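Student: I am new to this structure, and I would like to learn how to read its strands and the meeting of its chains. Could you take me through them step by step?

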Amino acid sequence: MEGTQEEFAIRVRDLVVGFGRQTVLDHLSLDVRRGEILGLVGASGGGKSVLMRTIIGLIPRQGGTIEVMGQPIGGRTLGAATTWGILFQQGALFSSLTVRQNVQFPLRENLVLSQELMDEIAIAKLEMVGLRPQDADKYPAELSGGMTKRVALARALALDPPILFLDEPTSGLDPIAAGDFDALIRTLQKTLGLTVFMVTHDLASLTTVCDRVAALADGKIVAIGPMRELLQSEHPWVRAYFHGKRSQMLQHQMR
Amino acid sequence: MNSEPLLLATPSGDALNLRPEGPWTAANVATLETLSRSVGADVDQSRAVTLDMSGVSALDTLGAWVLEKLSRRAASAGRSAELVGVADHFSGLMDEVRQVNRHTPAPAAAPNPILLWLNDLGKSTIGAREDIAVFLQMLGALFTAVIGVLRRPRSLRLTSLVYQLYRIGWQAIPIIVLITFLIGAIIAQQGFFHFRRFGAESYTVDMVGILVLRELGVLIVAIMVAGRSGSAYTAELGSMKMREEIDALSTMGLDPVHVLILPRVAALVIALPILAFIGSIAALYGGGLVAQFYGDMGPGIYIARLHEAISVTHFEVGILKAPFMALVIGIVACSEGLRVKGSAESLGRQTTTSVVKSIFLVIVLDGLFAIFFASIGM
């Protein structure tokens, strides 16, 4: 919009994170551009979630700097809900609140507004993520997996944060629901102008929605770029990831 | 860039030109609400409303919705509303917002409070019947499991039983000794203090002995165990239920009652009499200490009086109750654990229910035993 805005939404420099004697992220650097959807791939237990949780401040770092929207992140961040929305892998909906209350929670805690407007905004968010207003009074325990993810997305978007973090958004969804969810993220990203940071294993969503893909191996980003470039990468782990039997099959079908 | 959102209203004849300016975002929500309310009356009176959005510098869903609400209000009752000057990067959002909140379901009518109360009463009545059914089912399932173990003794989960005994028996000893010791001491102190007035101090020992051995020792220990171990059983089984571990067991052809519940209940039935015995001794010891330091009654006299005052019958009455109380605690704790549904809240609710219910039943059972022993003359 304005020319003064910076190019990068998230800048990570020389990030070191470890537990005990084990180093998980080893001098990792990563830039996420404003308004792009970045997919992060990596081996299970390789530190993808650690990287995401470090950026949002849930895990302390041992070295390096993190800048989000031009602001350095140090220790605990206040007012974080207006900076980013997070979709946790299991949804992390508050089980004692209804769907409507879950979506209203960030609004209620961060803003002063009338109950009427809050109700309307909650329903608006739910409809934007493809749920019906009738679902608003259900409890999280009554929702299916796909619905849980949608509600969690609505809650993450409640305050229209500029950055959205998604932790394996399509895991546990059937291909149709996963495809719908991908499309939904794409639409919302376009309408709201979001920057999306997505941890995923879903090759289909990597190919269809991600503008760029970053590969995390050995605690570093070993390759980053559009999916096409990653497929050409010579790094052994990246080759193994994208040219294994499962991946090959998918890519053949897509051609 | 304006730091405060504005809404300029210019009436021209029976038409109205609205021009929002500045950042229409969630951060300024209080201002936005005031602004949109202030032009509400003007909007209602105008036949045609033009919403000129060219001055909006920033827009999010909340701001877009407030504007959309204004334009819907203007467009109601056959009047017209027009949206002009929408910047390209806002048009997607405005289009999106135009789709929402179209079919708001009518809010459910507020129910009659008396009917609601009657409904709850009826539900809990039926619930009580269900509780009894669940209790009896669990008792039956346990009985079947015990028969199974008697027929094939090797099928008993010995490791699990020993571990549970360690956890709910051995590890409970310190706290139970401490609490029963204090209770014994307090009863003795009260006895000496009040009986002294009519010179009946020596009867304090009778009171302590009979009260502790017949009633209090076992009752206090049972209540402690219900709070300490019953709640743990419910929470454990409940979280296993939540994580589908119990279903996994069943699909492997194993009976959860046999594998999980029998060792737990059996451990309680074995441990509670032992704990009650240890607790009673600790209480008598506490009474003895108070007798020496507060009632000026030496240990020799205390023990001699105790010897005269109590018989094995008193001890038997107390200790006979312990296994039954253990059974009640175990059954309630385990069946409440299995009733946990998916949510964390349900786990907490079931654990509370388990403790409250088992303490209540322990006290009721104690009352029934008092009637029973009185009528058989023990």
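This is a predicted model: local features need pLDDT of at least 70, side-chain atom pairs count only at pLDDT 80 or more; totals for chains, interfaces and linings use all residues.

Student: In which sense do β1(B) and β2(B) pair, and over how many bridges?

Tutor: In a regular strand the side chains alternate between the two faces of the sheet. Here β1 of chain B, residues 6-12, pairs with β2 of chain B, residues 15-24, in the antiparallel sense over 7 bridges, and within this pairing B:Ala9 stands opposite B:Leu18. The two strands form a hairpin with 2 residues between them, and B:Gly13 in the turn has a positive phi of about 65°.

Student: How many residues of chain B are in contact with chain A, and which element gives the most?

Tutor: The size of an interface is often given as the accessible area lost when the parts come together. Here we can count residues instead: 24 residues of chain B are in contact with 25 residues of chain A. On the chain B side, the elements giving two or more residues are α1, α3, α4 and α13, and α4(B) gives the most, with 6 residues. By class, that side has 10 nonpolar, 9 polar and 5 charged residues.

Terms used: Residues are numbered from 1 along each chain as its sequence is written. Chains are lettered from A and ligands numbered from 1 in the order in which they are written. Two strands pair if DSSP finds at least two bridges between them. Helices (H or I, at least four residues) and strands (E, at least two) are DSSP runs, numbered from the N terminus. Two residues are in contact if their C-beta atoms, placed from the backbone, lie within 7 Å. Ala, Val, Leu, Ile, Met, Phe, Trp, Tyr, Cys and Pro count as nonpolar, Asp, Glu, Lys and Arg as charged, and the others, Gly among them, as polar.
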